[in-house]
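Here is a short report on how one chain meets its neighbours.

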Amino acid sequence: MKKNESYEELVKGIWRDNPVFVQVLGMCPMLAVTNSAVNAIAMGMATLFVLVGSSFLVSTFRNVIPKQVRISCFIIIIATFVTIADYTLLALVPKVHKELGAFIPLIVANCLILGRQEAFASRYPTRLAVMDALGMAGGFLLALFSLGAVREILGDGALFGVRLFSENFEPWIVMILPPGGFLTLGVILLFFNWFRYKKDEFLADVAEAERGGS
Amino acid sequence: MIADARKPPAAPSSLRLVMTLAIAGLVSGVAIIGIYETTLPTITANKARELREAVFKVLPGVTRMQALVYRDGRIMAVPEPQKDEPVVYGGYDEQGDFVGYAMPGAGPGFQDTIALLYGYLPGDKQVVGMEILESRETPGLGDKIYKDAAFVAEFSALSVEPEIVAVKKGTGSQANQVDAITGATISSKAVVRIINETHAAWIEQLPAPGTEPPLADATGNAGTGQ
Amino acid sequence: MDNLPWIFISALLVNNFVLTYFLGLCPFLGVSNSLETSARLGLATTFVMLVTAVCAWVLNTYVLVHAPYLRLICFIVVIASTVQFIEMLIKKLSPALFRAMGIFLPLITTNCAILGLAIFATNRGYGFVEGIVYALGAGIGFTLALVLLAGLREESELSNIPKLIQGTAMNLIIAGILSMAFMGFAGLFSTS
């Protein structure tokens, strides 16, 4: 029973309640760092670290933190993890850190993380909270990567720095520029909408058929 | 009994609230200071290495360097420049002889600020190398200022007299002219302008050629004199 | 780089906080369905930005030189306190405005644009005056982007939009086109 629950929490964040495509949270860093697949993954990993760490602490101490100051406590915890992630990245991979720039500290303002603490981690036991954090961060990483890959392939003709096309390929430069971020995400959301619409239609048809049949 | 069970729990005292925040802040502070101290050596080493690599790139033949600042009316070597103090780097070869200056400059480009480092030989009054340190120019166009090897090579033997000029591609003939990049004229001209401005700011303060500060050894003492 | 007009115009148009740096997207996409609310939110945000810029400079100059690693936490505390303070101020001065703004005031705290402003200004080493000019440009630019999108959204409500595109997808595509338009401002201040 418990195992199924944990699994549920883990998986829901990846597709059904994907933080970017479904809940439309965490937009700011999304668009800014996804001009290449490497940057996207780095940001996704940093966010995963912060989200899991914060959820773990918040959930463990959820019965100790008074309600009145909970938001401030959440923010202190999140900011601490973000600062740790910032310095660790600067020490280990300075080139990536330079690319991500000011967006690493901005993870603090990512509505996704604070939202998860408020909505989930502060109300559920540690194990479930960590599973939820992993799932949400995983969904976030997935979204970041898909956006980053599309933008890099179309805008640079490469993936992870590896040239994919011949010399004659004229890259669609706007994709790695800001408008490209907006447009790509808009189109991906469009597909998501279409997908859900079709699914709802299908389910409605099934319900209709069942009603008509019985 | 039932009435008791329905009573809402008492609100926590102000002291409890403050204590919670204080403890959270304290633990957080300790964790942050911890990570800072742990990563500081690596970070400073990385920064120093990046700077050294850039300096060696713009001053061919240079294997050692030191920071130079303008204080008390003259250029002098310092182990550590003060924050916000303008600094140039002196490049020296294996024997410790002065080769040239590596001068950092920055200014607005087409999209945003461009930061660069260029190598200068005072004896020949020539720029011998240029390295873009930071740029957010348009990918595919403006970013050619560091991606286009031909453009960067324009700065390997450039006279600064009377000043560097960017001209249309293919028309550069004189020693102080740089061929701008087609389609990235503004970025190219920005690079030239930044170098000219940095140069104008420093030229009065640089000592006469041949009287540059000698390389200080590890103990901070200047080497045997000029 | 002490060029004040350049700093202002750059933050306002060329490197607009929303359309170029992707900061402040939550309110940008969430609030911009009403022109009036957008304008008000933009104004409140600009004010918070100004206060934040000044506080950031004070912190950077006097406090954080000794403890640079505390920068992030200090900035967040400053922003949260400023927003709290403005909330109380508006509540006292104009209860009607307070009611109209509702939930959006506390949301300014998580607006990445304000934290982003503080971090950018720190990284670029802006002084007191430069910080203020930067905050003004950024705030007005943010308001501009919000108002533009709100106006377009209000217009589009009168048109026949396919159901699939409605919602955030459409807003993002409109934002993409706006962003492209703003790209045209690059080179506005070229001094060659």
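## Chain C and its contacts

The contact between chain C and chain A takes 30 residues from chain C and 31 residues from chain A. Two residues are in contact if their C-beta atoms, placed from the backbone, lie within 7 Å. This is a predicted model: local features need pLDDT of at least 70, side-chain atom pairs count only at pLDDT 80 or more, and totals for chains, interfaces and linings use all residues. Residues are numbered from 1 along each chain as its sequence is written, while chains are lettered from A and ligands numbered from 1 in the order in which they are written.

On the side of chain C that touches chain A, H9(C) gives the most, with nine residues. Chain C also touches chain B: 12 residues of chain C are in contact with 15 residues of chain B.

| Side of chain C | Nonpolar | Polar | Charged |
|---|---|---|---|
| touching chain A | 23 residues | seven residues | no residues |

Ala, Val, Leu, Ile, Met, Phe, Trp, Tyr, Cys and Pro count as nonpolar, Asp, Glu, Lys and Arg as charged, and the others, Gly among them, as polar.

## A helix pair

Helices here are DSSP runs (H or I, at least four residues), numbered from the N terminus. The axes of H3(C) (residues 35-63) and H4(C) (residues 71-93) come within 10 Å. They cross at roughly 140°. Axes are lines fitted to C-alpha atoms over the stretch in contact, with angles from 0 to 180 degrees between N-to-C directions.

Note on methods: Helices (H or I, at least four residues) and strands (E, at least two) are DSSP runs, numbered from the N terminus.
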